[in-house]
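Hi there,

Have it open while you read, and write back with any questions.

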Amino acid sequence: MSELTGSEPWKALQAHKQAVERTHMRDLFAGNPERAKQFSVQAADLWIDYSKNLITDETLNLLLDLAKSRDVEAKIRAMFAGERINTTENRPVLHTALRNRSDEAVLVDGQDVMPEIRNVLQRMASFSNLVRSGEWLGATGKPIKNVINIGIGGSDLGPVMAYEALKAYSDRSLTVRFVSNVDGTHFYEATQDLDPAETLFIVASKTFTTDETMTNAGTARRWVADALGESAIGHHFVAVSTNAEEVSKFGIDLENMFGFWDWVGGRYSLCSAIGLPVMVAIGPDNFNRMLDGFYAMDQHFKTADFEHNAPVIMALLGVWYTNFWDAQSEAILPYNQYLSRFAAYFQQANMESNGKSVTKDGQYVDYETGPVVWGKPGTNGQHAFYQLLHQGTKLVPADFIGFAKPHHSMGEHHHKLVANLLAQTQALAFGKTAEEARAEGIDEALIAHRTFHGNRPTNTILASELTPETFGQLVALYEHKIFVEGVIWGINSFDQWGVELGKALAKDAYGSIINHQTDPKNDSSTNSLLDKFFELEN
């Protein structure tokens with residue numbers, strides 16, 4: 001038994017779950033007319049209703065006791081203070097410094113990092129304005145009309161998600177695309193209709209050695225050089241990296257290299273120079289508005305008491321379902337098409353952060369950690385997987401995200417969208433009883449098929465409008481939720497050693513493929529697959 005599962009708060013929650021597991025939300029709402037008001041919280045510009053959860057006053061108090069027993073408050077202070085909480089890599093975790101909008105210093109090893117952060121943001125703004133104004137010229141003197149970001153993981157998922165989310169604020173005279181997959185099809189399709197003379201590439205790789213990114217960057221370099229000559233490279237490439245030697249070797253002027261720091265993890269780097277394609281698309285002013293939103297949620301997380309702290313409450317609910325209700329996954333369901341990549345982004349942010357089976361001190365856990373995260377925008381999801389949410393055998397806690405104002409006024413579209421959001425959370429919570437089905441005149445043979453148990457937990461997050469500010473708040477809300485869950489589970493949410501083994505083995509497999517031979521060190525399945533590949537390749 002681990003320290004966590006042997007603790008008194010954990011045992012109390014186990015006993016409490018057994019006491020409440022047959023309670024239905026219908027009864028909870030019937031017994032407390034103020035339930036929605038009681039279990040809601042305002043966090044910056046976000047209103048979060050968590051009343052449709054399998055909780056009572058006692059549940060929340062016990063979860064808060066668990067958070068206190070795991071010293072969550074001290075861990076929050078340690079993160080913001082720049083302590084080396086990423087223990088396996090001996091690094092601070094200071095993505096919050098990237099969006100610090102105050103005059104306060106942020107220290108790393110006694111040095112204030114804010115002047116350097118502001119310098120990079122200013123350089124990003126100057127570059128973005130040159131591209132947006134048409135002053136940045138390609139090798140032939142044509143202004144840039146196309147910007148392609150080449151990255152992978154945190155150097156791709158964050159920027160492409162933010163670009164799609166804030167597309168309403170983007171300059172539509174610019175074509176902005178993202179290439180990440182080492183599958184050559186991704187590069188081919190991204191460039192097929194573009195003119196190299198009008199195209200600028202942003203190569204985003206901290207080390208400038210990431211295999212997928214540099215393979216795509218090499219292809220992009222050949223694409224430009226073949227059309228415009230070697231001398232054109234400096235006009236059509238900039239870098240987001242810390243490896244000046246490799247950047248220079250590639251042919252990029254170091255004046256056009258935008259740096260970031262090892263205390264910024266890839267999946268938390270959107271507010272750094274990794275966000276350069278977003279700034280180019282939406283402009284520096286809107287990018288700064290996004291940073292303001294991040295900062296507002298950071299301050300809420302840092303200062304609000306736990307009873308009214310949205311990231312803490314959402315994290316505790318996540319632990320409640322993961323560890324005491326055996327939920328294996330959770331869904332993020334934005335009712336806004338601009339957030340089409342939001343769930344995919346937090347799939348990485350959550351599963352790469354908390355997909356761990358050992359604690360920070362190297363002990364194997366005896367409890368579940370990070371859930372599988374998935375989702376897509378409503379109403380499309382309603383016609384895809386909501387059947388399982390409503391009547392399946394799996395408990396899937398879900399977050400619904402909506403906005404009062406649309407960006408585009410198109411008849412009754414938005415009112416119908418919001419109506420669906422409200423109806424789905426209502427149906428998931430309360431369902432339909434057999435008696436209600438019979439009262440509707442449904443044939444008795446179909447009663448079981450037309451009955452909905454309900455009691456499916458949801459959070460509903462509402463804001464006035466999807467602006468750069470509310471977008472930043474949303475992203476920070478989930479970032480901090482993930483952190484708190486990691487603290488409770490005692491794991492390091494800021495490393496990702498699990499991706500290394502596959503990358504190392506891929507190098508060996510690549511050697512086998514280019515040499516057209518199997519490897520005696522391989523297992524029989526891998527060698528058999530190589531043989532079949534060689535056969536099919538010919």
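First, a term for the ring contacts: rings of Phe, Tyr and Trp (its six-membered ring) count as a pair if their centres lie within 6.5 Å, and the pair is called stacked if the planes are under 30 degrees apart, edge-to-face if they are over 60, and tilted otherwise. By that rule, ring pairs join Phe187, Phe201, Phe208, Trp223, Phe237 and Phe250 into a cluster.

Some housekeeping before the rest. This is a predicted model, in which local features need pLDDT of at least 70 and side-chain atom pairs count only at pLDDT 80 or more, while totals for chains, interfaces and linings use all residues. Residues are numbered from 1 along each chain as its sequence is written, and side-chain values use heavy atoms, with hydrogens and water left out.

**Aromatic pairs**

How many aromatic pairs does a search of the whole structure find? The search gives 29. One of them is Phe187 with Trp223, an edge-to-face pair with 6.2 Å from centre to centre and 85 degrees between the planes. This pair links distant parts of the chain, as Phe187 is in helix α9 (residues 184-191) and Trp223 is in helix α10 (residues 211-228), 36 residues apart. Helices here are DSSP runs of H or I with at least four residues, strands are runs of E with at least two, and both are numbered from the N terminus. Phe187 is buried, with a relative accessible area of 6%; buried means under 20%, exposed over 50%, and partly exposed in between, using a 1.4 Å probe and protein chains only.

Phe346 and Tyr478 form a tilted pair, at 5.1 Å centre to centre and 40 degrees between the planes. Phe346 belongs to helix α16 (residues 342-354) and Tyr478 to helix α20 (residues 468-489), so this pair ties together parts that are 132 residues apart in sequence. Phe346 is buried at 2% relative accessibility, and Tyr478 is buried at 2% as well.

**Charges over rings**

For these, NZ of Lys or CZ of Arg has to be within 6 Å of the ring centre and within 35 degrees of the ring normal. Lys17 lies over the face of Trp325, 4.6 Å from the ring centre. The charged end of Arg35 sits over the ring of Phe29, at 5.3 Å from its centre.

The axes of α1 (residues 8-20) and α15 (residues 310-324) come within 11 Å and cross at roughly 75 degrees. Axes are lines fitted to C-alpha atoms, for helices over the stretch in contact, and angles run from 0 to 180 degrees between N-to-C directions. The two helices are therefore roughly perpendicular (65 to 115 degrees; under 35 is roughly parallel, over 145 roughly antiparallel, and the rest oblique).

An open sheet of 6 strands runs in the order β1-β2-β13-β12-β10-β11, with mixed pairing. Two strands pair if DSSP finds at least two bridges between them. Its edge strands, β1 (40-43) and β11 (372-374), each pair on one side only. Strands β2 (residues 46-49) and β13 (residues 458-463) run antiparallel and are joined by 3 bridges. Ile48 has Ile461 in β13 as its bridge partner. Helix α18 (residues 413-430) packs on the sheet, touching β12 (398-403) and β13, and its direction makes about 155 degrees with that of β12.

**Single residues to look at**

Is Asp298 buried or exposed? At 1% relative accessibility, Asp298 is buried, and its place is in helix α14 (residues 284-303). Setting aside neighbours within four places in sequence, Asp298 contacts Phe80, Thr96, Arg99, Ala476 and His480.

Ala44, in the loop between β1 and β2, has a positive phi of about 55 degrees although it is not a glycine. Asp326 also has a positive phi, near 60 degrees, and is exposed with a relative accessible area of 59%. Finally, the peptide bond from Gly378 to Thr379 is cis, with omega near 10 degrees.

Best wishes

Technical notes: Contact = heavy atoms within 4.5 Å.
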